[in-house]
Amino acid sequence: MIHSELELSENRPLSNAKLGILILLGAETMLFAGLIGTFLVFRMGNDLWPPLSHANIQLPRVVTGINTVLLIISGYTMFLAQRAVQNDRVKDLRDYLIFTGALGLLFLIIQGSEWIQLIQKGLTLQSGVYGGIFYVLIGCHAVHVLGAVIWLIIVIGKAMAGKYSSISYTGVETCTIYWIYVVALWPVLYFLVYFA
Amino acid sequence: MFRQIVLWVLVIGFVGSLFPIVVDACPNCKNLDEPIARGFNWSILFMMAMPFTVVGVIGGSIFYQFQRANRNLKV
């Protein structure tokens, strides 16, 4: 009975899970819009950016640019994972999911090492508006990437257990939507924070 | 009742338009130097656009899913 209800839900034009993830992403967009709005106030309110107090600090644009490329590739591999499960290629699904998760982890590790360097140079959360908005905005996205990686690990576990097929793959689909959202958001934040 | 309300609104609007005054829509922006005011302006415009964008994208996505399902049913 429960199984048939699940199948019925998955066969609807828009499953409950998909609708739920769309609403979640709407809320996430509003959260990031608020943060970006705050950044715009501070950035446009200061002719000098970074302010004089942080003039010696250079954000690592090149390394972060490479990191951005890695994250975009992970978005593509996640898309390929969904394609694989739609075509019942379960082994490919596992491979793509693991590759995507590894890229996500690599992104977080590189960003973490950048933060350590910036903190050592004196850019902290308490060091004025510049540090505050940088860590809040970029950190908020990093927390989302971390959440996406944890979610992906759960999906990988279920894929290993053979829970997904071309008939039933809502878990992969919702995780893909969330992952691609997090990936698509990053270039916007990167250009805004590192180049504006 | 409804007509009376509309009539009063029109009368008040007409009388108000005879004595125009300049008001600051955003009390935070009053007396601020220009860059901050510009920052507030862009931020407000950006955040105003967001609800429409979110509702538009979610609504559009739901509409697309149903259209696609209908097409598949016909085929």
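Among contacts in chain A between residues at least 6 apart in sequence, what percentage join residues at least 24 apart? The figure is 78%, where a contact means heavy atoms within 4.5 Å.

Before going on, note that this is a predicted model, in which local features need pLDDT of at least 70, side-chain atom pairs count only at pLDDT 80 or more, and totals for chains, interfaces and linings use all residues. Residues are numbered from 1 along each chain as its sequence is written, chains are lettered from A and ligands numbered from 1 in the order written, and side-chain values use heavy atoms, with hydrogens and water left out.

**Chain A**

Along the principal axes, the C-alpha atoms fill a box of roughly 65 × 30 × 20 Å.

Now colour chain A by accessibility. Of its 196 residues, 47% are buried, meaning under 20% relative accessible area, with exposed over 50% and partly exposed in between (1.4 Å probe, protein chains only). The accessible surface of chain A is about 9,500 Å², and carbon and sulfur atoms account for 69% of it (Shrake-Rupley method, 1.4 Å probe; for residues, only the protein chains shown count as cover).

**E28(A)**

Go to helix α2 of chain A, residues 16-44, and pick E28(A). This residue is buried yet has no salt bridge, a salt bridge being a side-chain nitrogen of Lys or Arg within 4 Å of a carboxyl oxygen of Asp or Glu. The nearest side chain of opposite charge is K18(A), 18 Å away; Lys and Arg count as positive and Asp and Glu as negative, while His and the chain ends are not counted. Leaving aside residues up to four places away in sequence, E28(A) touches H144(A), Y178(A) and Y181(A).

**Two backbone stops**

Most residues other than glycine have a negative phi, and most peptide bonds are trans. Select W49(A) and P50(A): a cis peptide bond joins them, with omega about 5°. P50(A) sits in the loop between α2 and α3 (61-86).

Next, select D88(A), in the loop between α3 and α4 (90-121). Its phi is positive, near 60°, in a residue other than glycine. D88(A) has a relative accessible area of 43%, so it is classed as partly exposed.

**Chain B and the interface**

Switch to chain B, which has two helices and zero strands. Buried residues are 12% of its 75, and its accessible surface comes to about 6,600 Å², 71% of it from carbon and sulfur atoms.

Show both chains and select the contact: 18 residues come from chain B and 19 residues from chain A. The two chains bury about 1,600 Å² between them, 79% of it from carbon and sulfur atoms; buried area is the accessible area (1.4 Å probe) that two parts lose on being put together, summed over both. On the chain B side, F46(B), I58(B) and Q65(B) lose the most area to chain A, together 27% of what that side buries. There are zero salt bridges between chain B and chain A.

End at Q65(B), in helix α2 (residues 34-74) of chain B. Why does Q65(B) count as buried? Because its relative accessibility is 10%. Residues up to four places away in sequence aside, Q65(B) touches P13(A), L14(A) and K18(A).

Conventions:
Helices (H or I, at least four residues) and strands (E, at least two) are DSSP runs, numbered from the N terminus.
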